[in-house]
Amino acid sequence: MSFNLDLVIKSFPLLLAGALITIKITLISVTIGIFIGLFVGIARIVNIRAVKLFAAVYVDFIRGTPLLVQIFIIYFAMPIVLGIKIDPLIAAITACSINSGAYVAEIFRAGIQAVDEGQMEAGRSLGLTWPQTMRYIIIPQAFKSVIPPLGNEFIALLKDSSLVSVIGFEELTRRGQLIIARTYGSLEIWLSVAFLYLIMTVTISRLVAYLERRFDTKYDRR
Amino acid sequence: MIDVKNLRKSFGSAEVLKGIDLSIEKSQVVVIIGPSGSGKSTLLRCMNYLEVPTQGQILINGTDLQKADINKVRSEIGMVFQRFNLFPHMTVLQNILLAPMKVRNIDRKTAEQDALVLLERVGLENKADAYPTQLSGGQQQRVAIARALAMRPKVMLFDEPTSALDPEMVGEVLDVMRNLAKEGMTMVIVTHEMGFAREVGTRLLFVDDGKIIEQGEPRVVFETPKEERTRLFLSKVL
Ligand SMILES: Nc1ncnc2c1ncn2[C@@H]1O[C@H](COP(=O)(O)OP(=O)(O)O)[C@@H](O)[C@H]1O
Ligand SMILES: [Mg+2]
């Protein structure tokens, strides 16, 4: 067995570019996912039955089916329904956003429900409407408890985004496959790919820990 | 000012308020006493529809809360909670400014001037930029009172405002409330502070098991309770 360091060095720029694409689709998807998740998370706790039901069905469907299958549905099944071909990038981002939205929704729901009930009562008793109380009082407080699980979701999605390689979208994992197809350097390339994922996930978890500390000192002094 | 008519409230199958009739005039200070679990908080919370009655009516200045714009009604009724419920992510000043600016659309400058006057009134003018967790319980409760007053309410509801406080801080909160009463604020106060009830209350209600058992001038009820249940309760707390 030999380890071809030269291959690692030569492939590195290509893989690094792939890693940047992975970061890009993860960031875009998480951002969209946070928007979806905020609305769906709130929808799960409002007192309107139809809204609640819709939100619950969405969350259950996404969390109850594999992301890989969701990617296939969007890339292969939706075009049959819509009659148009979907670009792999669009399919990748759509699948990842919709998927992350469901997980983020649960994170927000838990975060909102963790805020003391008295906060909603205090807001409402001052004459603030429900949406105002949510916006100015509940959600800002929920954000704090939501940062660590959101960070975990970000990391999970970054890793899971490797699944979009199956539709030929060229992120990090797909780049690795393509290089191996050319060079047969399975060992070198997969280890390099793993290393790049590791660098990204460790960086994110450090960043999240830092954010969490910053939020803590703001008003939690006793 | 506040009229409660045949108010009933159930949680599931448990009836907590069993037909309350009550009429409160402007500038009255109504003190509600009674054993724990008797429905005092529920009664108070029905007055601003934090709890929606199962039956009966609440009228504020003649308007039925059932049909009223509830946010507008609430903006004119101040409420002070046992556990303060200050907004922990906001400074004292921001706590006070929020409702006047968002509900009444008052500009920041005017609202700030008002807020500082109120803080002075509750003796906390130097705490405007503190966060609630940096304050003692007594200070937090005074901020909560200032926050409610910032909406210039017509009525103030207090739900055991001193029950969560260390004994040495009870006085400072009662002082603020005493001054409010002197200025003619209409107040409904649930409390276990019998001395305060007697001194400041213009009317005392004894509530037990979801009903008003006895009411009258505080001194009279304390000294010569008519009902056996009132006598029993008072003998335990006095
Ligand atoms: N949201 C609620 N759901 C169910 N039961 C409640 C609720 N709020 C109060 N209760 C019940 O109603 C009764 C009266 O409560 P409360 O009005 O808080 O009494 P008090 O303030 O006199 O101690 C209690 O038995 C309490 O458990
Ligand atoms: Mg109570």
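Reader: Which residues are around ligand 1?
Author: This is a predicted model, in which local features need pLDDT of at least 70, side-chain atom pairs count only at pLDDT 80 or more, and totals for chains, interfaces and linings use all residues; side-chain values use heavy atoms, with hydrogens and water left out. Residues are numbered from 1 along each chain as its sequence is written, while chains are lettered from A and ligands numbered from 1 in the order in which they are written. A residue is near a molecule if one of its heavy atoms lies within 4 Å of it. Around ligand 1 these are F11(B), V16(B), P35(B), S36(B), G37(B), S38(B), G39(B), K40(B), S41(B) and T42(B).

Reader: Which helix gives the most to the shell around ligand 1?
Author: Helices are DSSP runs of H or I with at least four residues, strands are runs of E with at least two, and both are numbered from the N terminus. The shell has 3 nonpolar, 6 polar and 1 charged residues; Ala, Val, Leu, Ile, Met, Phe, Trp, Tyr, Cys and Pro count as nonpolar, Asp, Glu, Lys and Arg as charged, and the others, Gly among them, as polar. With 3 residues, the top contributor is helix α1 (residues 40–46) of chain B.

Reader: How much of ligand 1 does the protein bury?
Author: An oxygen atom of ligand 1 is 3.2 Å from a polar backbone atom of S38(B), and one is 2.7 Å from an N or O atom in the side chain of S41(B). A polar side-chain atom of T42(B) is 2.5 Å from an oxygen atom of the ligand. Alone, ligand 1 exposes 560 Å² (Shrake-Rupley method, 1.4 Å probe). The protein buries 55% of that.

Reader: What area do chain A and chain B bury between them?
Author: Contact (heavy atoms within 4.5 Å) links 21 residues of chain A with 26 residues of chain B. Buried area is the accessible area (1.4 Å probe) that two parts lose on being put together, summed over both. Of this area, 57% is on carbon and sulfur atoms, and the total is about 2100 Å².

Reader: Which element gives the largest share of the side of chain A that touches chain B?
Author: The two chains have 8 residue pairs in polar contact, both at pLDDT 80 or more; such a contact is a pair of N or O atoms within 3.5 Å, where within protein one must be able to donate a hydrogen and the other to accept it, and residues adjacent in sequence count only if both atoms are side-chain atoms. Elements giving two or more residues to this side are α5 (117–125), α6 (130–160) and α8 (186–219) of chain A. The largest share, 7 residues, comes from α5(A).

Reader: Which residue of chain B forms a salt bridge with E121(A)?
Author: A salt bridge is a side-chain nitrogen of Lys or Arg within 4 Å of a carboxyl oxygen of Asp or Glu, and between chain A and chain B the count is 2. For E121(A), the closest N and O atoms are 2.7 Å apart. The pair runs from helix α5 of chain A to helix α1 of chain B, where the partner is R45(B).
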